[in-house]
Amino acid sequence: VKMTGGPDGDVAGNLIKILFRDYGDNVKIVGIADHSGCAEDPEGLNHEELLRLVHGDQNILNFDPTKLGSEGKLHLVDTKEGVIARNTMHNRLKADAFIPAGGRPNTIDMSNYGHFLLPDGTPSSPLIVEGANLFVTSLARDQLFRDAGVVIVKDSSANKAGVITSSVRFRFNLVCADLE
């Protein structure tokens, strides 16, 4: 799995917990990108380290580089190379599934959807589950399916519970703030 959205985010953080709880050592997260940078490891990012970040409400900037495998890398956005690595991680890394669990709307659109494809025309991930709203435009979604057979679980289906839960939590926090 590769994903956007940091371990400190609602969708990505909960996804990390669910993946590790339900699949244990059978799941490898090979890359995570958030606003602070990205961590990548073809052997899979260290589960305990990712859970430490989730429980500590910390972004990928705080990933301990000593927990990376021999080919693992931590790219921070304090350099031009780090920004490029973070912005292209979802295209560059090959994985069974890509889960945008955070990120900017319309990140993948008609002008750049081809970057999600490998040189041989196959997708860098044959499955996209849109945990983040509007990560892939409708036109790009259709084109990825037509050109490379990418199966996409659309955000309106994949993230219904997340949106509802976030709304309820937001309203609850507003009410509690008034009570203090």
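This is a predicted model: local features need pLDDT of at least 70, side-chain atom pairs count only at pLDDT 80 or more; totals for chains, interfaces and linings use all residues.
Which residue stands opposite Pro-100 in strand 5? The residue is Thr-4.

## Overall layout

The protein chain contains 6 helices and 7 strands. Read from the N terminus, its elements follow the order β-α-β-β-α-β-α-β-β-α-β-α-α. Of the 180 residues in the protein chain, 42% are buried. Among contacts with a separation of 6 or more, 67% are between residues 24 or more positions apart.

The 7 strands make an open sheet with mixed pairing, in the order 4-3-2-1-5-6-7. Strand 4 (73-76) and strand 7 (151-153) are at the edges with a single partner strand each, so one side of each has no neighbour in the sheet. On average, neighbouring strands of this sheet are turned by 10 degrees against each other, direction ignored.

Helix 3 (residues 80-92) packs on the sheet and touches strand 1, strand 2 (31-34), strand 3 (37-40), strand 4 and strand 5. The direction of helix 3 makes about 55 degrees with that of strand 3.

Strand 5 (residues 97-100) pairs with strand 1 (residues 2-4) in the parallel sense, over 3 bridges. Lys-2 has Phe-98 as its bridge partner in strand 5, and Thr-4 stands opposite Pro-100. Strand 5 also pairs in the parallel sense with strand 6 (residues 127-129), here over 2 bridges. In that pairing, Leu-127 of strand 6 is the bridge partner of Ala-97.

Which way do the residues of strand 5 point? Ala-97 and Ile-99 point one way, Phe-98 and Pro-100 point the other way, and all are buried. In a regular strand, side chains alternate between the two faces of the sheet.

In soluble globular proteins, nonpolar side chains tend to be buried together. The largest nonpolar core here has 20 residues, of which Met-3, Ile-16, Ile-29, Ile-32, Leu-45, Leu-50 and Phe-63 touch the most other members. Helix 1 (10-23) and helix 2 (47-55) are the elements that give two or more residues to this core. Helix 1 supplies the largest share, 5 residues.

Leaving aside residues up to four places away in sequence, Ile-32 touches Met-3, Gly-5, Pro-7, Ile-16, Gly-37, Cys-38, Ala-39, Leu-45, Leu-50, Ile-60 and Met-89.

Another core, of 12 residues, lies apart from the largest one and includes Phe-98, Phe-116, Leu-117 and Val-136.

## The aromatic cluster

A pair of aromatic rings is described by the distance of the centres and the angle of the planes. There are 2 aromatic pairs in the model, given in the table.

| Pair | Centre to centre | Angle between planes | Class |
|---|---|---|---|
| Phe-98 and Phe-116 | 5.9 Å | 45 degrees | tilted |
| Phe-98 and Phe-135 | 5.6 Å | 65 degrees | edge-to-face |

Why is the pair of Phe-98 and Phe-135 edge-to-face? Its planes are at 65 degrees, and planes over 60 degrees apart count as edge-to-face.

Both pairs connect separate parts of the chain. Phe-98 is in strand 5 and Phe-116 in the loop between strand 5 and strand 6, 18 residues apart. Phe-135 is in the loop between strand 6 and helix 4 (138-148), so its pair with Phe-98 ties together parts that are 37 residues apart in sequence. Phe-98, Phe-116 and Phe-135 form one aromatic cluster.

## Positive phi in the loops

Most residues other than glycine have a negative phi. Asp-57 has a positive phi, near 55 degrees. Asp-57 lies in the loop between helix 2 and strand 4 and is exposed, at 54% relative accessibility.

Asn-106 also has a positive phi, of about 60 degrees. Asn-106 lies in the loop between strand 5 and strand 6 and is partly exposed, with a relative accessible area of 42%.

Terms used
Residues are numbered from 1 along each chain as its sequence is written. Side-chain values use heavy atoms; hydrogens and water are left out. Two strands pair if DSSP finds at least two bridges between them. Helices (H or I, at least four residues) and strands (E, at least two) are DSSP runs, numbered from the N terminus. Axes are lines fitted to C-alpha atoms, for helices over the stretch in contact, and angles run from 0 to 180 degrees between N-to-C directions. Contact means heavy atoms within 4.5 Å. Buried means under 20% relative accessible area, exposed over 50%, partly exposed in between (1.4 Å probe, protein chains only). A nonpolar core is a set of buried Ala, Val, Leu, Ile, Met, Phe, Trp, Tyr and Cys residues joined through side-chain atoms within 4.5 Å. Rings of Phe, Tyr and Trp (its six-membered ring) pair if their centres lie within 6.5 Å; planes under 30 degrees apart count as stacked, over 60 as edge-to-face and the rest as tilted.
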